[in-house]
Amino acid sequence: MNIVLFGPPGAGKGTQSALLVERKSMGHISTGDLLREAVKNQTPLGMKAKAIMDAGNLVSDDVMIGMVDEALQRLKGKSFILDGFPRTVPQAEALEKLLASQGLKLGKALFLEVPRASLLRRLTGRRVCQACGAVYHIDTRPTRKEGVCDVCGGAVVQRKDDHEDVIGTRLEAYDKSTSPLKKYFEGRGSFSEIDGVGSTEEVYARLASQLG
Ligand code: AP5
């Protein structure tokens, strides 16, 4: 089944996607990861996107739609999780057209619900490996050795947009542009809301039960 996994910043989309990829052999399209890769490789798109992302704002719909179109084609029909896309109603409308043009169907749009105070704790405490992208948390999932990735030994750092002054802008962008997607998907009959509070395994069990 092809799914959209959406929710506010820090809700656990990346964490849950990693489990779904490992356990259900699904393809994973994370627009945040694709953008960070472009920034790392200093592509023209990456150079433009960096300032927007560091400030906590959204990259333009046109750029994101083109990026997802290419990523879907690369999956060659494998079932997928879309993580971080769509993030606006125009992106959701474009997705419908993209899927139809590639002969694909969306099974479900799953919304991860997490209260704001928990989001703040998750985001300010998150640390990521610069080399392999593994995700940690200073309280709930610390690295064995401080600042060093357990998986690959790479440097573990705080994302620029996880600093408190930027998180406010990200949450505002979410409230204004992304939260209307709940109504959008509800109207299409493919929407389920998942409680994103609890252990990673508890949340995974709730998500997996939606996949049939
Ligand atoms: P993106 O990378 O997509 O950021 P986001 O949506 O803000 O999501 P996050 O990566 O912050 O959080 P997450 O939900 O994946 O949480 P995670 O699993 O890491 O996008 C970054 C930027 O790119 C955007 O701001 C924008 O500029 C741009 N962009 C991307 N897509 C775009 C689009 N479509 N249109 C326009 N612009 C776009 O978990 C967070 C922390 O919580 C971790 O430390 C984790 O260990 C911990 N945690 C996870 N689960 C649990 C749990 N159950 N209990 C306790 N802690 C937990």
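Arg23 counts as partly exposed, with a relative accessibility of 39%; the classes used here are buried (under 20% relative accessible area), exposed (over 50%) and partly exposed (in between), with a 1.4 Å probe and protein chains only. The model is predicted, so local features need pLDDT of at least 70 and side-chain atom pairs count only at pLDDT 80 or more, while totals for chains, interfaces and linings use all residues. Residues are numbered from 1 along each chain as its sequence is written, and side-chain values use heavy atoms, with hydrogens and water left out.

The side chain of Arg23 forms a salt bridge with that of Glu201, at 2.7 Å from N to O. This pair links distant parts of the chain, with Arg23 in helix 1 (residues 13-24) and Glu201 in helix 9 (residues 200-208), 178 residues apart. Glu201 is also partly exposed, at 44% relative accessible area. Helices (H or I, at least four residues) and strands (E, at least two) are DSSP runs numbered from the N terminus.

## Other salt bridges

In the whole structure, 11 salt bridges are found, where the criterion is a side-chain nitrogen of Lys or Arg within 4 Å of a carboxyl oxygen of Asp or Glu. Among them is the contact between the side chains of Arg188 and Glu96, at 2.5 Å from N to O. Arg188 lies in the loop between helix 8 (181-186) and strand 8 (191-195), Glu96 lies in helix 5 (residues 89-101), and the two are 92 residues apart, so that distant parts of the chain are linked. The relative accessible area of Arg188 is 44%, which makes this residue partly exposed; Glu96, at 41%, is partly exposed as well.

Another salt bridge joins the side chains of Arg206 and Asp195, with an N to O distance of 3.9 Å. Here Arg206 belongs to helix 9 and Asp195 to strand 8, 11 residues apart. Arg206 is partly exposed at 29% relative accessibility, and Asp195 is partly exposed at 39%.

Strands of a sheet pair through backbone hydrogen bonds, either parallel or antiparallel. Five strands make an open sheet in the order 2-3-1-4-8, and their pairing is parallel; two strands count as paired if DSSP finds at least two bridges between them. Strand 2 (27-30) and strand 8 are the edge strands, each pairing on one side only. From one strand to the next, the twist averages 20°; angles run from 0 to 180 degrees between N-to-C directions, and axes are lines fitted to C-alpha atoms, for helices over the stretch in contact.

Strand 2 and strand 3 (residues 80-83) run parallel and are joined by four bridges. Ser30 has Asp83 in strand 3 as its bridge partner. Helix 2 (residues 31-40) packs on the sheet and touches strand 2 and strand 3, with its direction at about 65° to that of strand 2. Helix 4 (residues 61-75) also packs on the sheet and touches strand 2 and strand 3, but its direction makes about 170° with that of strand 2. Contact means heavy atoms within 4.5 Å.

An open sheet with antiparallel pairing is formed by three strands in the order 6-5-7. Strand 6 (135-137) and strand 7 (156-157) are at the edges; each has a single partner strand, so one side of each has no neighbour in the sheet. Strand 5 (residues 126-129) runs antiparallel to strand 7, and two bridges join them. Val128 is opposite Val157 in strand 7. Helix 6 (residues 116-125) lies across strand 5 and strand 6, at about 40° to strand 5.

## Cysteines

A disulfide is a covalent bond between the sulfur atoms of two cysteines. The search of the whole structure finds zero disulfides, with the cut-off being a pair of cysteine sulfur atoms within 2.5 Å. For Cys129, the closest cysteine sulfur is that of Cys152, at 3.6 Å, which is too far for a bond. Cys129 is buried, at 4% relative accessible area. Cys149 is in no disulfide either, and the nearest cysteine sulfur, in Cys132, is 3.7 Å away. Cys149 counts as buried, at 4% relative accessibility.

## Confidence

The average pLDDT of the chain is 96, and 100% of the residues score at least 70; pLDDT is the predictor's confidence in each residue, from 0 to 100. Confidence in the chain is lowest in helix 4, with a mean of 94, and highest in strand 7, at 98.
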